[in-house]
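Trainee: I would like to learn how to read features in a structure. Can we go through a few, one at a time?

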Amino acid sequence: METNNEGFVFGLDIGTRSIVGTVGYRIGTDRFIVVAQESIEHTTRAVIDGQIHDISTVSRTIAEIKNSLENRIHCELTDVSIAAAGRVLKTKKVHAISEFSSETKVTDDHVQTLDMLAVEKAYEEIRQETQDDAKHFYCVGYSAARYYLNGYPMEMITMHTAKNIGVDLIATFLPDEVVDGLYAAVEEAGLHVASLTLEPIAAIQLAIPEKFRLLNIALVDVGAGTSDVSIVKEGSITAFGMIPLAGDELTEAIAKKYLIDFETAERVKRQCEKEKIVQFRNIFGEDTEVEQGQLAEDTGEAVDEITRNIASCITELNGGKPVSAVFVVGGGGKHEGFTDKLAEHLDLPENRVAIRGAEVLTNVTFEQPGIQKDSTLVTPIGICLNYYEQRNNFIHVMVNDQRVKLYDNGKATVLDACISSGFSQNNLFPIRGDELHFSVNGEKRMVKGKAGEVALVRKNGKEVSLNEPALENDQIQIRPSTKGERGRISLGDIAECRGELEVTLYGRTVLCPKLIEVNGSLASVMYDVQPGDKIEIFDYISVAAILEYADMEKEEFVLLNGREAGLSAKVHSGDRIERKPKPKPKPEDEQPVDPEEDFQKQMEKDPLLQPLKPLPDWMQGIPFDTAKLGTDGTVIPGMQENRRMVQPQQAVPVSRKPVMVVINGSPVSLPLKENPIFVDVFDVYPFDMTKAGGTRLLTRINGVDKDFTEPLHEGDEIELRWI
């Protein structure tokens, strides 16, 4: 933009105590000529802590300064450079993490995106704190204090491979009402804003030249109500801060000590900076005088408190590390003992903390007589010099057809414009879907959601990244990012659910899936797990289920590992299932067997059952029962008569019927015996009594325990086993 007709630059430093107007011009790149300067103190509290409260009163004071300067330079002033007070800035320290879907090599773009993610998080915290005030804030600076690689602190994270990266970042914001108040007061005075900067930045223009900004230096502007802190390193301003303690605390200490009003105490404080002895009158009308050294001692406690808080602020803004040096500007910093005490709290040598005044104004020439070069002029001159840089002003861009005012600090990006227009990180960065939480056999499990789609950004019709610089009148279109699907998993994807039971069923191997219950109900491996599901996986299955799985007819009883079992019996991996033997059914057309005919057939087959042959004639008189003879060879009386000779024709077969019983599930025919008992079982059933298979032998008939002498009957069911 063009300067005034005479090439003058008009700068205004609107402070809490006074307004300073400066008119001048630059020669070359390093010299500045001040042709006129005017300062007017406020008569009311029109400005409080750097923020304009009474716009009309401030506007009238600006107009008065403007007219006075125009009379001196004989030229109309139409454009002005202004600065927002650092004391109205809001600073936030946040921690942000950026996740990668897989191991990723970190690039500069990743780091810049991470920084912007942290800035947006800080901006969101500011919005949450001020949501009732409907305020809008502009990010005017940020500084990364520390980076993290997979959760571990690291100085440089680029070129490393990581699953996630993180940052501790300090971001500084300027409220819009401050900007709007400045613009309104200036415009009401008939002026147009040529450039806007921050007072700490303006002070740095002179106090810390560009060639020194590679060093880690803090600049402290000690004003009346607050002390503003800014940090430079690696060539740029990285952070701003403020503490609500400054020169007024020193003035109040003097007023309390000597019982004088605030205005008198302020005059005493200023005179002691130049004179060794100052005289004044207290509220009782008593004349009093104080020496410069005594006043320094009286304000020592206040100086200690102010410098201790400033030192703490500097360390925090610098990422917890000490700075290399500190420059002090502003009227409050000129108080005796101030810089020494600040050096002590920062653990720096005294020569590393210094007031910047006349020595930084060597390239500034004042044509107006009576102006003394000191640290109070650093900020007013810096505001004028900032005009030539033109990097710190507001630009206007269009975001999705919405006009957005954006603070341009030399590195404004498309992301800054999107954030200023109201987009949150949920709209700008892909969001991973919700996690799926469930439990397996009481153990908590979690499945991460899928990553969403990145935002699609176009600037002036061309697709760009969020880190693309934003310029005046840029047309930005953004399609918000999306949130990914929530975590999903089916039962079949869970390792434990894929297990199988290996069972031998009727002589062949069967692989059967395990039984799975979800929230108490059976579920298949195709079931999609839902949030909060309680999954139970069993290492057994019922006989009925495995028969159904094998598509076999269900039988009421089977043999499970040799023992009879019902359909509800539990089957584990490695078990063996066999069919239960059944008794052979009699054919319907089978005729009943005559016992006498059956015995006759057995007699024909067994020689021992054949009828005896008739005895020869010569043996008819010999006693047959020789076992009945006496010891002397004579027949015992009566025996011979009672002996009944059995002739072949007199043999009558005994009529017997075999008894059929079921032993351990198998049908067995007992030996031909008139009255069989339990012990007869061992003659026909293979059971080794010599090898004990348990602690007790179970002998049970029809479900009732019996002993070996219990009679057996047709159809009895016998259990015989070791237990």
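Trainee: Which residue lies over the face of Tyr506, and at what distance from the ring centre?

Mentor: Keep in mind that this is a predicted model. The residue is Arg579, which lies 4.0 Å from the ring centre of Tyr506. There is also a case with a lysine: the charged end of Lys570 sits over the ring of Tyr540, at 4.6 Å from its centre.

Trainee: How many aromatic pairs does the structure hold?

Mentor: A pair of aromatic rings is described by two things, the distance of the centres and the angle of the planes. The structure holds 5 such pairs. One of them joins Phe8 and Tyr25: the ring centres are 6.1 Å apart and the planes stand at 35°, so this pair is tilted.

Trainee: Where in the chain do Phe8 and Tyr25 lie?

Mentor: Phe8 is in the segment before strand E1 (9-14), and Tyr25 is in strand E2 (residues 18-27). The two are 17 residues apart, and the pair links distant parts of the chain.

Trainee: Is Phe8 buried or exposed?

Mentor: Phe8 has a relative accessibility of 12%, so it counts as buried. Tyr25 has a relative accessible area of 25% and is therefore partly exposed.

Trainee: What is the order of the strands in the open sheet of 6 strands?

Mentor: Strands of a sheet pair through backbone hydrogen bonds, either parallel or antiparallel. Here the order is E11-E6-E1-E2-E3-E19, and the pairing is mixed. Strand E11 (192-198) and strand E19 (364-366) are at the edges; each has a single partner strand, so one side of each lacks a neighbour in the sheet. From one strand to the next, the twist averages 30°.

Trainee: In which sense do E1 and E2 pair?

Mentor: They pair in the antiparallel sense, over 6 bridges. As an example, Gly11 has Thr22 in E2 as its bridge partner.

Trainee: Which strands does helix H1 touch?

Mentor: Helix H1 (residues 55-73) packs on the sheet and touches E1, E2 and strand E3 (31-41), with its direction at about 135° to that of E3. Helix H3 (residues 176-188) also packs on the sheet, touching E1, strand E6 (79-84) and E11; its direction makes about 150° with that of E6.

Trainee: With which side chain does the side chain of Asp115 make a polar contact?

Mentor: The partner is the side chain of Tyr147, at 3.1 Å. Asp115 belongs to helix H2 (residues 108-129) and, with 10% relative accessibility, counts as buried. Beyond its neighbours within four places in sequence, Asp115 is in contact with residues including Tyr142, Val167 and Leu169.

Methods:
Residues are numbered from 1 along each chain as its sequence is written. This is a predicted model: local features need pLDDT of at least 70, side-chain atom pairs count only at pLDDT 80 or more; totals for chains, interfaces and linings use all residues. Side-chain values use heavy atoms; hydrogens and water are left out. Rings of Phe, Tyr and Trp (its six-membered ring) pair if their centres lie within 6.5 Å; planes under 30 degrees apart count as stacked, over 60 as edge-to-face and the rest as tilted. Helices (H or I, at least four residues) and strands (E, at least two) are DSSP runs, numbered from the N terminus. Buried means under 20% relative accessible area, exposed over 50%, partly exposed in between (1.4 Å probe, protein chains only). A charge sits over a ring if NZ of Lys or CZ of Arg is within 6 Å of the ring centre and within 35 degrees of the ring normal. Two strands pair if DSSP finds at least two bridges between them. Axes are lines fitted to C-alpha atoms, for helices over the stretch in contact, and angles run from 0 to 180 degrees between N-to-C directions. Contact means heavy atoms within 4.5 Å. A polar contact is a pair of N or O atoms within 3.5 Å; within protein, one must be able to donate a hydrogen and the other to accept it, and residues adjacent in sequence count only if both atoms are side-chain atoms.
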